Amino acid sequence: MCQHQPPCPPADSAGREAARLVAYHPEQGWGLLCNGVVFFDDTGELLPDGRSVIPSAATCAGQAS
């Protein structure tokens, strides 16, 4: 999916969130990265193969208030 150089990290890598943003819908709370990952503002990520990634405990702890 990524067409630029250097290419973005693949969806199955630990650095997948560093990929370029290609679409963002803040009113709906999600965005699409050029590696095919859909990220949600409050609940993790959805990988192109359908697997979900739950936010880490450190991320969740920072949002608790």
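## A walk through the predicted fold

Of the 65 residues that make up the protein, 26% count as buried, and it should be kept in mind throughout that the model is a predicted one. The protein exposes about 4400 Å², of which carbon and sulfur atoms supply 59%.

Read from the N terminus on, the elements follow the order β-β-β-β-β-α, which gives the protein five strands and one helix. Among the contacts that link residues at least 6 apart in sequence, 21% join residues at least 24 apart.

The structure holds one aromatic pair, formed by Tyr-24 and Phe-39, whose rings are stacked at 6.0 Å centre to centre with 15° between the planes. This pair links distant parts of the chain, since Tyr-24 belongs to strand S1 (residues 21-25) and Phe-39 to strand S3 (residues 38-40), 15 residues apart.

What does the side chain of Arg-16 join through a polar contact? The partner is the side chain of Glu-45, at 2.8 Å. Leaving aside the neighbours within four places in sequence, Arg-16 is in contact with Pro-9, Pro-10, Ala-11, Leu-33, Asn-35, Val-37, Leu-47 and Val-53, as well as with Glu-45 itself.

Key:
Residues are numbered from 1 along each chain as its sequence is written. This is a predicted model: local features need pLDDT of at least 70, side-chain atom pairs count only at pLDDT 80 or more; totals for chains, interfaces and linings use all residues. Side-chain values use heavy atoms; hydrogens and water are left out. Rings of Phe, Tyr and Trp (its six-membered ring) pair if their centres lie within 6.5 Å; planes under 30 degrees apart count as stacked, over 60 as edge-to-face and the rest as tilted. Helices (H or I, at least four residues) and strands (E, at least two) are DSSP runs, numbered from the N terminus. A polar contact is a pair of N or O atoms within 3.5 Å; within protein, one must be able to donate a hydrogen and the other to accept it, and residues adjacent in sequence count only if both atoms are side-chain atoms. Contact means heavy atoms within 4.5 Å. Buried means under 20% relative accessible area, exposed over 50%, partly exposed in between (1.4 Å probe, protein chains only). Accessible areas come from the Shrake-Rupley method with a 1.4 Å probe; for residues, only the protein chains shown count as cover.
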